[in-house]
Amino acid sequence: MNGFLLQLLRYLTNAVVAHIPCYAVRHWWYRRVVGMRLGEKSAVSMGVYCHVPGRPRPNRPGIAIGRHSLINRECVLDGRGGLTIGDNVSVSAGVWLLTDGHAMNDPLFPEVLAPVCIGDYAWLGSRALVLPGVRIGDGAVVAAGAVVTKDVEPYAVVAGVPARAIGTRSSDLRYQLDYQPAFE
């Protein structure tokens with residue numbers, strides 16, 4: 001995709017479509033135009049910023065969200081390095097999931113892409129930040145405001161800057177998120 005068309009796609013996705021108060025319209029755009037894989041009964045709320053490199057292809061994975069997952073308002077989903085979110089994942093308002101950074105000591109300051117993977121039943125608290133290359137295990141909880149710089153074990157509870165383990169969560173998780181109002 002040439003530079004102008006990619007800029008136009010990002011502008012329309014984030015400045016126009018992200019603010020349409022109807023899940024069906026936004027989800028149609030995300031699936032058909034952006035190429036996001038969005039699972040059954042998952043919801044991407046208004047005001048979510050999607051940083052996409054164009055439609056996914058083998059060397060450009062994009063964003064994949066499993067079934068029954070919820071991405072709340074004002075989140076940033078960076079799909080440039082590949083972002084995978086599992087089933088029944090709750091991403092609270094203002095969470096940033098980043099897959100792109102820079103090699104700070106390289107004189108040419110190149111981009112460094114690294115995928116982020118969020119396991120099933122994970123819960124990310126408001127304003128948490130997940131850095132490139134991190135894997136968050138199934139059932140893990142990231143506390144509000146945490147900065148996750150390294151992998152989080154399944155069912156671990158992490159908090160702080162940088163995030164550190166502070167507890168564990170039950171592994172007997174059977175709930176199903178089903179938040180899809182007609183308008184929002």
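**The core and its surroundings**

Author: Among contacts (heavy atoms within 4.5 Å) in the protein between residues at least 6 apart in sequence, 41% join residues at least 24 apart. The model is a predicted one, in which local features need pLDDT of at least 70 and side-chain atom pairs count only at pLDDT 80 or more, while totals for chains, interfaces and linings use all residues. Residues are numbered from 1 along each chain as its sequence is written, and side-chain values use heavy atoms, with hydrogens and water left out.

Of the 184 residues, 47% count as buried, where buried means under 20% relative accessible area, exposed over 50%, and partly exposed in between (1.4 Å probe, protein chains only). The C-alpha atoms fill a box of roughly 50 × 45 × 25 Å along the principal axes.

Now the core itself. A nonpolar core is a set of buried Ala, Val, Leu, Ile, Met, Phe, Trp, Tyr and Cys residues joined through side-chain atoms within 4.5 Å. The largest one has 40 residues, and L77 and I136 touch the most other members. At least two residues of this core come from each of α1 (3-16), α2 (23-34), β4 (63-65), β7 (83-85), β12 (116-118) and β18 (156-159). The largest share, three residues, is that of α2.

L77 touches V48, Y49, C50, H51, I63, I65, I71, L83, I85 and L97, not counting residues up to four places away in sequence.

I118 sits in strand β12. I118 is buried, with a relative accessible area of 2%. Leaving aside neighbours within four places in sequence, the contacts of I118 are T84, I85, G86, V89, L97, L124 and I136. G139 is 21 residues from I118 along the chain, and their C-alpha atoms are separated by 9.3 Å.

Helix α2 can be followed through Y23, which is found in that helix. Y23 has a relative accessible area of 4% and is buried. Beyond its neighbours within four places in sequence, Y23 is in contact with A43, V44, S45, Y179, Q180, P181, A182 and E184.

Some backbone details in the loops complete the picture. Most residues other than glycine have a negative phi, and most peptide bonds are trans. K41, in the loop between β1 (37-38) and β2 (43-44), has a positive phi near 60 degrees. K41 counts as partly exposed, at 43% relative accessibility. R127, in the loop between β13 (123-124) and β14 (129-130), also has a positive phi, of about 60 degrees, although it is not a glycine. At 63% relative accessibility, R127 counts as exposed. The peptide bond from V161 to P162 is cis, with omega near -10 degrees, and P162 lies in the loop between β18 and β19 (164-168).

Definitions and conventions:
Helix = DSSP H or I, 4+ residues; strand = E, 2+ residues; numbered from the N terminus.
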